[in-house]
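Biologist: Could you take me through the packing in this model? I would like to begin with the aromatic rings.

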Amino acid sequence: MSAEQSLQEVNVPRDGYDFVVVSNRLPVDRDVAEDGSSTWRRSPGGLVSALAPVMAQRDGAWVGWSGAPDEDLEPFDHDVFHLVPVALSELEVRRYYEGFSNATLWPLYHDVIASPEFHRTWWYAYRRVNERFARQAAETAAPGATVWVQDYQLQLVPRMLRRLRPDVTIGFFNHIPFPPTEIFSQLPWRRAVLDGLTGADLIGFQRPGDAQNFQRCVRKYLGVQFIKGTAQFSESTADGEETSWTVNAGSYPISIDVESIKELTADPSVRARAKEIREELGNPETVYLGVDRLDYTKGIRHRIKAYGELLHDGELSVEDSVLIQVASPSRERVDSYRQLRELVEGMVGRINGQHDTISHTAIRYLHHGYPFEEMVALYLAADVMLVTALRDGMNLVAKEYVAARQDNSGVLVLSEFTGAAEQLRQAVLVNPHDIDGLKEAMLHARDMPRTEARKRMVAMRRQVLTHDVVDWSQRFLDDLAQHAAAHAPGGDDDATAAGARAGGSHE
């Protein structure tokens with residue numbers, strides 16, 4: 001799809017949907033029974049929980065991939081969602097998803113912790129798939145609809161969609177960090193990505209620093225200046241006319257589904273499971289917990305190294321403490337992830353081999369996913385939560401742990417390189433690259449007086465409970481609606497409330 005393709009080339013449905021979410025994945029997962037039959041279930045996660053009520057209230061549709069390559073499904077309804085599948089071939093999954101999204105953009109946007117790969121064939125696939133998502137969204141949205149595009153896999157969709165459907169209001173949310181110009185400049189297709197993003201009316205980022213990085217990149221490579229989070233863009237249409245629009249960019253830190261965690265922490269079976277976990281571990285004095293996808297951005301190796309050194313130094317013992325490390329499988333067909341798994345499992349094996357006894361294990365390493373009920377039980381069982389990411393857009397595990405500590409006990413050790421660190425300032429903040437500092441923080445968390453730990457947790461819980469994922473989605477969509485109203489024909493193009501807020505931080 002090029003700039004020359006016009007609105008007339010799109011089948012605009014009169015009975016389309018007033019609210020459309022566009023995401024790499026549909027909000028459902030397939031459950032396959034032993035007899036080969038399959039059913040759909042709602043995917044876990046805060047984004048799906050946040051948008052489900054919006055879908056129900058606003059006649060919404062969700063455009064996304066089913067997760068299976070070479071599967072061409074017709075639109076279908078499930079729960080409150082009208083689902084519009086986008087088909088991807090096996091080759092496109094390798095090049096668009098595993099390649100450009102997760103081996104080019106992901107490491108680049110996470111401070112080049114791993115080296116990004118730049119392949120033209122991956123870029124061509126990324127652009128082609130983004131075109132397909134944009135066209136599907138254009139043919140799903142009703143006249144004047146609101147379309148909310150999600151995350152780094154679909155950064156080209158906003159401008160493509162604007163060219164096809166200039167009548168719709170477009171939001172984009174970037175769930176991962178946005179890099180500074182010095183790093184973003186490495187991307188050979190940097191201008192095309194910025195062109196794509198600036199097709200949106202409102203672009204949301206996790207932190208003010210991410211929004212500022214984006215604005216600096218736009219100024220450097222597109223020559224457009226943001227003023228208080230707002231900038232003007234224009235381009236020529238296929239018939240030679242000039243079209244213009246206003247873009248707002250700002251910080252909208254995402255959060256979690258607090259209500260579901262409240263329900264689970266009050267569930268007697270979950271509380272009993274938490275007690276059972278501690279008993280299975282031998283009732284140690286201190287249970288440390290790490291919960292991550294097995295990803296090189298999460299600082300799992302740094303955490304394990306620090307814990308192993310504390311055991312070696314005699315500061316911790318396997319009789320008195322244990323580290324539970326949940327490392328759920330992630331992108332296992334990508335080479336860097338397979339290598340990370342080998343490194344982590346090698347470290348765990350060496351430490352356990354040196355320090356385990358017949359009745360005690362130093363590190364309980366769990367390389368598989370768990371139901372959310374089990375995760376909440378782990379949160380309740382853990383005395384110290386270790387979130388040591390090297391770079392993270394937000395890190396919702398930190399917020400989930402805080403929300404689960406209904407008795408205000410427990411200590412959160414949190415990397416300063418996470419978005420959550422800007423909101424959970426009462427955590428024990430660490431630089432995970434500083435192994436000695438991380439070791440000191442882990443001991444400080446263990447030895448923290450109960451009154452101090454409680455004071456810190458009360459403050460963090462207040463922040464999380466009052467800024468949940470529903471609040472996040474409502475703030476973004478309210479500002480998007482105000483932006484649309486302000487810039488509609490006859491609207492006020494002066495500094496709107498939405499524009500003023502988008503320039504700052506929603507905390």
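Modeller: Rings of Phe, Tyr and Trp, the last by its six-membered ring, pair if their centres lie within 6.5 Å. The model is a predicted one. In it, ring pairs join Tyr-109, Phe-178, Phe-184, Phe-205, Phe-214, Phe-226, Phe-233 and Trp-245 into a cluster.

Biologist: How many aromatic pairs are there by this rule?

Modeller: The count comes to 27 aromatic pairs. One of them is formed by Trp-123 and Tyr-126, whose ring centres are 6.0 Å apart with planes at 25 degrees, so the pair is stacked.

Biologist: Where do Trp-123 and Tyr-126 sit relative to one another in the helix?

Modeller: They are three residues apart in helix H3, which means a separation of about one helical turn. Trp-123 is buried, with a relative accessible area of 4%, and Tyr-126 is buried at 0% relative accessibility.

Biologist: And which parts of the chain does the pair of Trp-148 and Phe-476 link?

Modeller: It links distant parts: Trp-148 belongs to strand S7 and Phe-476 to helix H16 (residues 469-486), 328 residues apart. The ring centres are 4.5 Å apart and the planes lie at 5 degrees, so this pair is stacked. Both residues are buried.

Biologist: Turning to the core, which residues touch the most other members?

Modeller: Phe-133 and Phe-214 do, within the largest nonpolar core, which has 104 residues. Helix H3 (residues 120-138) supplies the largest share of this core, nine residues. Another core, of 65 residues, lies apart from it and includes Leu-51 and Val-397.

Biologist: What does Phe-214 touch, leaving out residues up to four places away in sequence?

Modeller: Its contacts are Phe-178, Leu-194, Leu-197, Thr-198, Ile-203, Phe-205, Phe-226 and Ala-249.

Biologist: Back to H3: at what angle does it pack against H2?

Modeller: Helix H2 (residues 90-109) and H3 meet at about 110 degrees, with their axes 8 Å apart. The two helices are therefore roughly perpendicular to each other. Among the contact residues are Tyr-96 and Phe-100 of H2, with Trp-122 and Phe-133 of H3. The contact residues divide into 10 nonpolar, five polar and four charged.

Biologist: And what about H10 and H11?

Modeller: Helix H10 (residues 300-313) and helix H11 (residues 335-355) pack at about 10 degrees, with their axes 10 Å apart. H10 is therefore roughly parallel to H11. Their contact residues comprise nine nonpolar, three polar and two charged.

Biologist: Last one: is H4 mostly covered or uncovered?

Modeller: Helix H4 (residues 157-164) is mostly covered, with seven of its eight residues buried. The elements covering those buried residues include H3, strand S7 (141-150) and helix H6 (190-197).

Methods. Residues are numbered from 1 along each chain as its sequence is written. This is a predicted model: local features need pLDDT of at least 70, side-chain atom pairs count only at pLDDT 80 or more; totals for chains, interfaces and linings use all residues. Side-chain values use heavy atoms; hydrogens and water are left out. A nonpolar core is a set of buried Ala, Val, Leu, Ile, Met, Phe, Trp, Tyr and Cys residues joined through side-chain atoms within 4.5 Å. Buried means under 20% relative accessible area, exposed over 50%, partly exposed in between (1.4 Å probe, protein chains only). Helices (H or I, at least four residues) and strands (E, at least two) are DSSP runs, numbered from the N terminus. Contact means heavy atoms within 4.5 Å. Axes are lines fitted to C-alpha atoms, for helices over the stretch in contact, and angles run from 0 to 180 degrees between N-to-C directions. Angles under 35 degrees count as roughly parallel, over 145 as roughly antiparallel, 65 to 115 as roughly perpendicular and the rest as oblique. Ala, Val, Leu, Ile, Met, Phe, Trp, Tyr, Cys and Pro count as nonpolar, Asp, Glu, Lys and Arg as charged, and the others, Gly among them, as polar. Rings of Phe, Tyr and Trp (its six-membered ring) pair if their centres lie within 6.5 Å; planes under 30 degrees apart count as stacked, over 60 as edge-to-face and the rest as tilted.
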